[in-house]
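I opened my notebook to write down what I looked up in this structure. Here it is, for my own reference.

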Amino acid sequence: KMASGQQWVLVEMVQAFYEAPAYHLILEGILILWIVRLLFSKTYKLQERSDLTDKEKEELIEEWQPEPLVPQVSKDHPSLKYDVVSGPPSHKIIVNGKECINFASFNFLGLLDNERVKVCALASLQKYGVGTCGPRGFYGTFDVHLELEERLAKFMRTEEAIIYSYGFATIASAIPAYSKRGDIVFVDEAACFSIQKGLQASRSVIKYFKHNDMEDLERLLKEQEVEDQKNPRKARVTRRFIVVEGLYINTADVCPLPELVNLKYKYKVRIFLEESMSFGVLGEHGRGVTEHFDVNIDDIDLISANMENAVASIGGFCCGRSFVIDHQRLSGQGYCFSASLPPMLAAAAIEALNIMENDPDIFTILREKCRHVHKSLQGIPGLKVVGEPFAPALHLQLERSSGSRETDMKMLPQHLLVCFQCLDRQIAVTQARYLDKEEKFLPSPSIRVVVTIEQTEVEIEKAANCIREAALAILK
Amino acid sequence: VKPEPEGTYIIICSCVNFFSPHFLLQNNHVARNGGMYKKPFVEYFEETPLLVAVLTYMGYGILTIFGYLRDFLRDWKIEKCHVAREREEQKDFVPLYQDFENFYTRNLYMRIRDNWNRPICSVPGAKMDLVERVTHDYNWTFEHTGKVIKDVINMGSYNYLGFAENTGACAAAAAEATQRYGAGVNSTRREMGNLDKHEELEVLVARFLGVEASMAFGMGFATNSMNIPALTGKGCLILSDELNHASLVLGARLSGSAIRVFKHNNMQSLEKLLRDAIVHGQPRTHRPWKKILILVEGIYSMEGSIVRLPEVIALKKKYKAYLYLDEAHSIGALGPGGKGVVDYFGLDPRDVDIMMGTFTKSFGAAGGYIGGKKELVDYLRTHSHSAVYATSMSPPVAQQIIASMKCIMGEDGTNLGRERLQQLSENTTYFRRRLHEMGFIIYGNEDSPVVPMMLYMPAKIGAFGREMLKRNIGTVVVGFPATPIIESRARFCISAAHTREMLDTALTAISEVGDLLQLKYSRQKTPSLEEDAYLESQD
């Protein structure tokens with residue numbers, strides 16, 4: 001009953017349905033299912049139609065030669081042989097068989113060989129064993145982890161904290177959890193490698209601003225504002241972040257946090273702060289760069305730090321408001337898909353936190369020592385000290401940097417020789433290591449000098465003299 | 001109410017799965033591929049029964065409708081909103097999360113959230129103590145009552161050889177290392193963090209695997225994500241299995257190479273991709289690929305399947321590709337000597353170019369390793385991201401690995417390693433056979449200690465986890481997005497530390513819960529397995 005041109009009324013349609021023959025309905029049904037299946041079946045990419053015969057294909061397969069899996073590494077590659085440390089990397093460290101004074105491990109607060117920390121770690125080992133045998137979601141959450149998270153949140157005065165089992169993975173998993181394709185991240189040029197990997201994993205648009213240059217950052221933000229006005233709909237869903245470090249590991253200086261907070265509210269950008277070097281170092285109670293500048297911690301959206309420097313354990317944590325942190329429990333890749341931190345290392349971190357809370361004088365002492373070292377290392381011929389006076393990990397760079405990466409790289413072997421000479425004279429310093437081809441903005445070659453609370457004045461004098469002599473001998 | 005694409009996404013996903021291979025094809029492989037396999041390779045993936053599939057879709061549909069309803073009520077403040085909120089001062093910032101991203105989390109995951117993240121307060125061995133927690137607001141917040149649920153049988157931890165223990169030779173050695181070295185290292189491998197313990201560990205791992213050299217890293221996940229980019233780059237091709245772990249996917253993405261995915265464990269799919277890649281070269285320019293890397297895992301932890309290694313190696317040799325084998329779950333758990341999937345098939349470790357694995361599962365520690373030829377390890381020592389930027393492994397953890405590895409190899413003077421390996425394979429066979437007899441659908445290879453048992457319906461995920469906990473057995477349940485949407489499952493991890501009594505208790509409870517929740521879907525008879533001498537009769 002096809003009334004052409006007339007409007008179908010619902011009743012008539014239903015009637016038609018009832019009166020249609022069974023085979024018609026079945027056929028229609030099959031056709032509809034087929035269309036649905038075609039719509040949802042996988043689309044096959046059309047491989048380029050080649051007119052190659054099978055014989056030609058076999059020849060191509062025969063002829064193809066891949067590159068070797070890895071390029072040959074020459075036997076005297078400078079990084080092939082590692083310095084071997086026998087025994088613990090404590091204040092008196094035995095490197096390559098020689099006892100030296102340790103100016104190279106990031107053991108700022110001397111907690112690596114602290115007896116109390118070791119006792120707690122042992123007690124935890126006797127209760128839980130070593131490994132956790134599972135990720136956090138599947139019986140890998142121990143009460144020690146929950147306690148550590150609570151303690152960290154309380155120490156930093158935030159709502160919540162989340163811990164990761166590896167320091168590198170902390171910020172590298174946190175950034176991609178929030179920033180996705182299409183979002184914009186403004187990051188400092190001197191950002192460390194783990195931040196770079198996090199940014200790469202996030203697939204967002206990355207904009208670098210010159211190191212600690214707030215004008216450059218403001219210029220970029222203004223440009224973005226202009227872009228936004230062209231497309232307000234897109235701008236309403238594009239998230240923006242600024243990623244900075246509290247104390248930069250590559251340049252040993254602080255970020256200008258108050259100005260950043262001003263920019264945050266002016267341009268509506270969120271701040272992620274990486275505090276690996278400044279946690280347990282800056283601030284009256286060691287709470288980091290927010291305490292150092294007296295900035296309200298709620299103004300920073302996410303603080304991430306690793307526990308492998310001042311806290312002398314393994315792992316990392318992020319802290320902030322629950323609104324921000326809780327998201328990582330389901331989206332942080334390094335959290336969900338990886339085994340949790342061994343409980344003994346978490347117990348060691350809790351005890352380190354106890355020590356830090358009970359004895360806030362150590363931070364002042366550490367900063368005094370840093371100032372002392374900074375002063376002693378001035379005036380070395382050929383090398384200049386890079387870093388703030390209160391930074392515990394300083395760099396010694398060439399005084400006259402030629403400005404070109406190649407010439408600076410040629411000076412690398414000389415830096416190594418300086419380090420070797422120092423090792424000979426029982427001062428353990430190391431060259432700051434980078435991956436030349438992987439870094440976005442390769443820092444200049446430098447020697448890393450680390451200040452710890454266990455170093456005495458005599459030792460610092462000795463170290464300064466030793467470096468001076470070595471520099472005189474080699475860099476002439 | 002704003003449109004909720006994720007809700008409809010769930011429905012569409014379900015429809016797509018309707019036509020997926022798992023659903024339509026019966027997959028019962030008994031392969032004896034031209035003598036490549038020394039013993040039968042039996043894997044089963046029984047098809048989803050039609051009625052169950054339909055009911056599962058209906059279940060998800062109802063949950064989605066309720067999800068929309070609840071979101072509506074929350075928006076209009078009729079229902080109290082427990083979700084954490086943005087700060088007042090930042091209300092006019094671009095929202096950090098889009099509402100639709102979290103639809104599934106808010107409305108489905110929250111209802112059964114008590115099955116995950118259960119805190120424990122003892123060694124994660126065969127029996128463990130759980131911290132009791134209650135919720136007064138339907139899983140939005142938890143409170144610890146202060147009580148402890150003791151002696152819960154642990155079917156969820158990756159403790160294949162039972163080395164998660166706080167007494168014994170390994171724990172004593174780890175304690176000694178803690179006393180001597182401390183907990184942390186405070187430096188990277190290339191700077192001042194290379195301890196003599198690390199060198200000792202690497203030599204031992206190389207000897208264990210039968211390769212020339214190896215390198216150890218502090219985190220298993222990071223081993224993949226930091227070393228695959230060092231090995232391949234632009235102009236290379238990575239062929240990755242469909243069901244590879246997130247760390248392999250991340251590593252492949254970070255490397256910048258082209259990635260092509262082949263069907264899970266399907267050698268025809270892999271061969272086709274290899275042929276097409278070599279014949280046609282890179283897309284558009286047709287330049288030849290610099291190298292081709294095949295990424296596979298030893299045991300896939302969600303399916304319980306074992307990679308078809310003999311066939312993969314044959315393909316790799318024929319087409320001159322390189323093979324990266326991730327043995328996170330299979331090292332220590334498979335093979336007569338516990339040396340992984342290569343040992344299980346009786347192949348030559350030199351055929352696998354890059355052998356990667358983790359120490360978390362069978363060795364009771366943490367961290368990962370990569371083993372292979374000396375050139376490979378030399379290259380990684382100089383170019384791996386982890387060696388330059390990440391802290392090295394903690395010394396007590398390294399000592400635990402050394403002690404447990406020596407035990408497995410039999411070098412500690414006891415028979416403990418051999419006994420445990422034997423116990424694990426007996427437990428696996430027994431458990432799988434009994435579950436089959438009871439009528440559950442279980443996936444995977446008959447030798448894999450990872451046993452996924454199908455639940456399908458969303459409500460049963462939560463119900464199964466809770467009912468098993470009531471009977472003092474801790475199990476792991478997984479649903480979307482870790483698995484396809486209608487294939488939710490419970491996953492059991494067998495351990496050498498499980499005694500026959502524990503397994504029997506667990507099996508009785510599973511059968512009880514299975515009857516209660518109607519989980520015995522299987523319509524197959526137990527496939528006839530080869531008679532093995534070590535299967536003593538038990539009834």
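My entries follow, one topic at a time.

**Ground rules.** I am working with a predicted model, where local features need pLDDT of at least 70, side-chain atom pairs count only at pLDDT 80 or more, and totals for chains, interfaces and linings use all residues. Residues are numbered from 1 along each chain as its sequence is written, chains are lettered from A and ligands numbered from 1 in the order in which they are written, and side-chain values use heavy atoms, with hydrogens and water left out.

**Aromatic rings.** I searched the whole structure and got 26 aromatic pairs over all chains. Rings of Phe, Tyr and Trp (its six-membered ring) pair if their centres lie within 6.5 Å; planes under 30 degrees apart are stacked, over 60 edge-to-face, and the rest tilted. I picked out Phe168(A) and Phe193(A), a tilted pair with 6.3 Å centre to centre and 50° between the planes. This pair links distant parts of the chain, 25 residues apart: Phe168(A) is in helix H6 (residues 167-178) of chain A and Phe193(A) in helix H7 (residues 193-202) of chain A. Helices (H or I, at least four residues) and strands (E, at least two) are DSSP runs, numbered from the N terminus.

**Charges over rings.** A charge sits over a ring if NZ of Lys or CZ of Arg is within 6 Å of the ring centre and within 35 degrees of the ring normal. I found the charged end of Arg381(B) over the ring of Tyr82(A), 4.3 Å from its centre. Arg500(B) has its charged end over the ring of Tyr430(B), 3.8 Å from the centre.

**Helix packing.** I looked up H16 (residues 458-470) and H17 (residues 500-517) of chain B, which pack at an angle of about 140° with their axes 10 Å apart. Axes are lines fitted to C-alpha atoms, for helices over the stretch in contact, and angles run from 0 to 180 degrees between N-to-C directions. That makes H16(B) oblique to H17(B); angles under 35 degrees count as roughly parallel, over 145 as roughly antiparallel, 65 to 115 as roughly perpendicular and the rest as oblique. Next I checked H6 (residues 196-209) and H14 (residues 395-409) of chain B, which pack at about 30° with their axes 10 Å apart. H6(B) and H14(B) are therefore roughly parallel to each other.

**Positive phi.** Asn117(B) is not a glycine, yet I read a positive phi near 55° there. Asn117(B) is in the loop between helix H4 (103-109) and strand E3 (119-120) of chain B, and is partly exposed with a relative accessible area of 27%. Where is Tyr456(B)? I found Tyr456(B) in the loop between strand E16 (450-454) and H16 of chain B. Phi of Tyr456(B) is near 70°, again positive in a residue other than glycine, and at 0% relative accessibility Tyr456(B) counts as buried.

Notes. Buried < 20%, exposed > 50% of the residue type's maximum accessible area, 1.4 Å probe, protein only.
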